[in-house]
Amino acid sequence: MGPAIWLRTCYTTGSDEKHESLINGVDMDNAVDGDHRLLNDPMLYDYGADWQKVFEVLPELLEPNDRSWESYEENQHTEIEAMRAYAEGGIARADQRLVDNLTGVSQGMPQFGFQGAELENQVAKALQSSVHKACIVAWVVLEDEEALESGKVALMFVDALGRVVRSMRVEAGEAEQVGGFWADGSWDEIHEWEDGEPGPEYRLGGSCGGLLLESIRGA
């Protein structure tokens, strides 16, 4: 994964005090691996709602620097093919390890696992998560005008083109916790990811809409 950043994009009158209040108590080392990743400069980052302009200034943020581009694309292909196989053949074509985990078989507790239509829903949800995760290269904690007013920053998980794959508003302190999961690569196991809202291009009808949960079963 690429580096995480904390990006402030609102510098209106009175916003400095709100900014200080928002980040008070947040350990930037835990959140984004250091104060140097807090992008806080009105001369450089006064983007307002156009926060993705940061990728024009810092295109290296969109580099999958823990792997090659070839590996990044191969991983996407693998996960998309797994989703297509399930869409065409249902449970019988799904990865057996995933099915065993969701039905409780792998834990020896099938009585507590998913069955029937709910199992299908959970398999589809897991496959969508895997496809979306394969697209991610960077994570942005967005401190925009809404964040300064509400106290909730936006967590933006983005792909190699700077498009939002998933996002969620959380308290500033919660972003610090998510930073730890980002660092060890387990961020797809937390609710901020699982319950995140798909970005515009990843919603049904968007340019990546074919990867969405709603379309996997031909809805």
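In strand β3, the residue bridged to Ile-5 is Val-140. The model described here is predicted. Its sheet is open and has six strands, in the order β2-β1-β3-β4-β5-β6, with mixed pairing. The edges are formed by β2 (38-39) and β6 (197-198), each of which pairs on one side only.

**Strand β3 and its partners**

- Strand β1 (residues 4-8) runs parallel to strand β3 (residues 136-143), and five bridges join the two.
- Trp-6 also has a bridge partner in β3, namely Val-141.
- On the pairing of β3 with strand β4 (residues 152-159), the sense is antiparallel and there are six bridges.
- Val-140, the partner of Ile-5, stands opposite Met-156 in β4.
- Eight of the eight residues of β3 are buried, so the rest of the structure largely encloses this strand.

**Helix α5**

- Helix α5 covers residues 69-89, which is 21 residues, and at 1.5 Å a residue it should span 30 Å.
- The buried residues in α5 are Tyr-72, Gln-76, Ile-80, Met-83, Ala-85 and Tyr-86.

**Helix α9**

- Helix α9 (residues 172-184) has buried residues including Ala-172, Glu-174, Ala-175 and Glu-176.
- Val-178, Gly-179 and Trp-182 are also buried in α9.
- Gly-185 follows α9, and its phi is positive, near 80°.

Terms used
Residues numbered from 1 in each chain as written. Predicted model: local features only at pLDDT ≥ 70, side-chain atom pairs only at ≥ 80, totals over all residues. Heavy atoms only, no water. Helix = DSSP H or I, 4+ residues; strand = E, 2+ residues; numbered from the N terminus. Expected span 1.5 Å × (residues − 1). Buried < 20%, exposed > 50% of the residue type's maximum accessible area, 1.4 Å probe, protein only. Pairing = 2+ DSSP bridges.
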